[in-house]
Amino acid sequence: MTSAVGAADKNPHLPDFAVEAVGLDKTYAAAGKQGAKHALKTVDLTIPRGSLFGLLGPNGAGKSTFINILAGLVNKSGGTARIWDCDIDRQTRQARAAIGVVPQELNIDPFFTPFELLELQAGLYGVPPRERRTLEILAMLGLSDKAKAYARTLSGGMRRRLMVAKAMVHNPPVLVLDEPTAGVDIELRQQLWAQVKELNRRGVTILLTTHYLEEAEELCDRIAIINHGEVIACDTTQALLRKLDNKTLTITFAESFEAVPKPFAEFSVEKVGEHALRFQYRASESPLPRILSAAGSAGLTPVDVTTEETDLEDIFLQLTRGAHAGAQG
Ligand SMILES: Nc1ncnc2c1ncn2[C@@H]1O[C@H](COP(=O)(O)OP(=O)(O)OP(=O)(O)O)[C@@H](O)[C@H]1O
């Protein structure tokens, strides 16, 4: 296994993609009164090596299903997936060795110390004692001085970091974090973000699921948005945000009008009520002087102006609404 920490980008033997999923499909069988659930619908997703990739979606979108298939915890119904160039069906052992998963729940045995827990985990993964990096991993996650403390005495933040440490014992080049900051306070969230960025800086490819748009925006260089088991957008964070470079300006006029007056023909504009117009424009433009001069030509007197910025939340809503209507993003 190639060492993730410090893995050089230039190494020609490293794969271009940390994860490649093609046509990944999952239907959970019906159980009791619950009907069958088509949770993943032929998902194609590639995660470039070295990226900090966010899988964003509302509850029940299929995020956990996707990562649990990669982790070997859920059997897929169709499609293929490769982790670090190893097929999860045909090279199962290598694929598993290439991935570390930090689950949502903090399942830590309170009667072990962090050192013991990592040693145990390394044993489970068959890492020979001489290859274990227990102290190094604890240091990397800021837990050196807690190495010999009982886990029950650790703070919530330390426990989260210990979960990350556990997922790193076999030195996987790909680390998956399932909702890493769900229910975590703001200060702790910032700490975890810093830690995740540092791991990524050291060469670990990170895939995280979240339903916090702010988290994806702050941390991730690429984002895929998943809804009802379908990927509805996948792009660099910057490109997604550019799509959001969208502002709305509403001007209320003293006069009423029946249709959008002619001088506003050059704008993307709609009439709202008897007296107001709503303009859509790119945040990078500043159309207000032109709009006001058009208002002058139309003989209208502005009496109120409001603006709204579109953010990731809006695009997310737009896209997910589109998906409800059966459209593809
Ligand atoms: N073991 C299972 N059996 C049946 N249905 C399941 C099972 N696990 C998940 N599902 C269903 O599959 C769909 C996708 O669930 P999944 O947990 O992958 O979503 P998610 O995006 O991770 O949501 P969350 O953020 O709530 O964890 C949901 O409708 C869920 O109820």
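Colleague: What share of the 329 residues in the protein is buried?
Modeller: Buried residues make up 34%. Buried means 20 or more other C-beta atoms within 10 Å of the residue's own; exposed means 12 or fewer, and partly exposed lies in between, with C-beta atoms placed from the backbone. This is a predicted model: local features need pLDDT of at least 70, side-chain atom pairs count only at pLDDT 80 or more, and totals for chains, interfaces and linings use all residues. Numbering starts from 1 along each chain as its sequence is written.

Colleague: What makes glutamate 179 buried?
Modeller: Its count is 20 other C-beta atoms within 10 Å, so glutamate 179 is buried. This residue sits in the loop between β7 and α6. Glutamate 179 has a positive phi of about 45 degrees, although it is not a glycine.

Colleague: Why is threonine 42 called partly exposed?
Modeller: Threonine 42 has 14 other C-beta atoms within 10 Å, so it falls in the partly exposed class. Its place is in strand β2. Threonine 42 is not a glycine either, yet has a positive phi of about 35 degrees.

Colleague: And glutamate 131, buried or exposed?
Modeller: Exposed, because glutamate 131 has 11 C-beta neighbours inside 10 Å. It lies in the loop between α3 and α4. From its C-alpha atom to that of arginine 189, 58 residues apart along the chain, the separation is 32 Å.

Colleague: What makes α5 mostly covered?
Modeller: Ten of its 13 residues are buried. Among them are Met158, Arg160, Arg161, Leu162 and Lys166. The cover includes β6 (99-102), α3 (114-124), α4 (134-140), β7 (174-178) and α6 (186-201).

Colleague: How many helices and strands does the protein have?
Modeller: Ten helices and 14 strands. These are DSSP runs, numbered from the N terminus: helices are H or I with at least four residues, strands E with at least two.

Colleague: What makes β1 (residues 17-28) and β2 a pair?
Modeller: Pairing needs at least two bridges found by DSSP. Eight join β1 to β2, and the two run antiparallel. Threonine 27, for one, has histidine 38 in β2 as its bridge partner.

Colleague: Why do β2 and β5 (86-87) stand at the edges?
Modeller: The open antiparallel sheet has four strands, in the order β2-β1-β4-β5. β2 and β5 each have a single partner strand, so one side of each is left without a neighbour in the sheet. α1 packs on this sheet, touching β1, β2 and β4 (78-83).

Colleague: Which residues are around the ligand?
Modeller: Tyr28, Lys37, Ala39, Gly57, Asn59, Gly60, Ala61, Gly62, Lys63, Ser64, Thr65 and His211. β2 (37-48) and α1 (63-70) are the elements giving two or more residues to the shell. The largest share, three residues, comes from α1.

Terms used. A residue is near a molecule or strand if its C-beta atom, placed from the backbone, lies within 6 Å of it. Two residues are in contact if their C-beta atoms, placed from the backbone, lie within 7 Å. Axes are lines fitted to C-alpha atoms, for helices over the stretch in contact, and angles run from 0 to 180 degrees between N-to-C directions.
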